[in-house]
Amino acid sequence: MEAAGSRAALVVAAVVALLVLVPEASRADRFVVGDAARWTWGYNYTDWVIKKGPFFLNDSLVFMYDPPNATVHAHSVYMMRNLADYQSCNLKAAKLVAGVMQGTGSGFEFVLKKRKPHYFVCGERNGIHCTMGQMKFIVKPKHSSCRDY
Ligand SMILES: *[C@@H]1O[C@H](CO)[C@@H](O)[C@H](O)[C@H]1NC(C)=O
Ligand SMILES: *[C@@H]1O[C@H](CO)[C@@H](O)[C@H](O)[C@H]1NC(C)=O
Ligand SMILES: *[C@@H]1O[C@H](CO)[C@@H](O)[C@H](O)[C@H]1NC(C)=O
Ligand SMILES: [Cu+2]
């Protein structure tokens, strides 16, 4: 009886330890950029970031967009080098993150590995999707120890 009792206590202790330790080690969220709107012209992604944030290291952003055809416009994902290029939608030094075909199916997943501002934009039409189409947003992931659930 006493042995069974202490075994039960051990099991409880183990479960409690798992509940405490596992979220610390592996918690990461996955966000579909724009939710149901996905990655498209005219949606306010700055507003989306305010509503969805904060974002943490190892969280991932999933960009979903259809490949271009006669009726669907092309989209893509670029990362700007700095705030000035982001603000002016100047793509000259931008780095391609996902091409026009890469948003299809389950989308393109970008894992936030660095604790720096990430300046995401759509690079299509020579920056017009960024300037006129609002296809731009900044995410600066926080350290996950700041996460409060
Ligand atoms: C997009 O949302 C941001 C944050 O809510 C807001 O400041 C901005 O004015 C909005 N842009 C447009 C074009 O509505
Ligand atoms: C992010 O994930 C990597 C493994 O993919 C892990 O080594 C690292 O500790 C994680 N970082 C945070 C802040 O959770
Ligand atoms: C273009 O692509 C969209 C989305 O993938 C699809 O629904 C539509 O039927 C396609 N149109 C043509 C003309 O191929
Ligand atoms: Cu676009």
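This report describes the sheet, the nonpolar core, the ligand shell and some backbone features of a predicted model.

## The sheet

Four of the strands make up an open sheet, in the order β4-β3-β6-β7, and their pairing is antiparallel. The edges are held by β4 (95-98) and β7, each of which has a single partner strand, so one side of each lacks a neighbour in the sheet. On average, neighbouring strands of this sheet are turned by 30° against each other, with direction ignored. In general, the strands of a sheet pair through backbone hydrogen bonds, in either a parallel or an antiparallel manner.

The pairing of β6 with β7 is antiparallel and extends over 4 bridges. Histidine 118 has valine 139, in β7, as its bridge partner.

## The nonpolar core

The largest nonpolar core contains 25 residues, and Phe63, Val77, Met80 and Val121 have the most contacts inside it. At least two residues of this core come from each of the strands β2 (60-63), β3 (77-80), β5 (108-111), β6 (118-121) and β7 (136-139).

Methionine 80 illustrates how residues apart in the sequence meet in the fold. When its neighbours within four places in sequence are left aside, methionine 80 is in contact with Asp85, Tyr86, Ala94, Tyr119 and Val121.

## The shell around ligand 1

Which residues surround ligand 1? They are Asn44, Thr46, Asp47, Ile50 and Gln134. Sorted by class, this shell comprises 3 polar residues, 1 nonpolar residue and 1 charged residue.

## Backbone features in the loops

Most residues other than glycine have a negative phi, and most peptide bonds are trans. The following residues depart from these patterns.

Glycine 53 and proline 54 are joined by a cis peptide bond, with omega at about 0°. Proline 54 belongs to the loop between α2 (45-52) and β2.

Arginine 38 is not a glycine, yet its phi is positive, at about 60°. This residue is found in the loop between β1 (30-32) and α2.

Key. Residues are numbered from 1 along each chain as its sequence is written. Chains are lettered from A and ligands numbered from 1 in the order in which they are written. This is a predicted model: local features need pLDDT of at least 70, side-chain atom pairs count only at pLDDT 80 or more; totals for chains, interfaces and linings use all residues. A nonpolar core is a set of buried Ala, Val, Leu, Ile, Met, Phe, Trp, Tyr and Cys residues joined through C-beta atoms within 7 Å. A residue is buried if 20 or more other C-beta atoms lie within 10 Å of its own, exposed if 12 or fewer, and partly exposed in between; C-beta atoms are placed from the backbone. Two residues are in contact if their C-beta atoms, placed from the backbone, lie within 7 Å. A residue is near a molecule or strand if its C-beta atom, placed from the backbone, lies within 6 Å of it. Ala, Val, Leu, Ile, Met, Phe, Trp, Tyr, Cys and Pro count as nonpolar, Asp, Glu, Lys and Arg as charged, and the others, Gly among them, as polar. Two strands pair if DSSP finds at least two bridges between them. Axes are lines fitted to C-alpha atoms, for helices over the stretch in contact, and angles run from 0 to 180 degrees between N-to-C directions.
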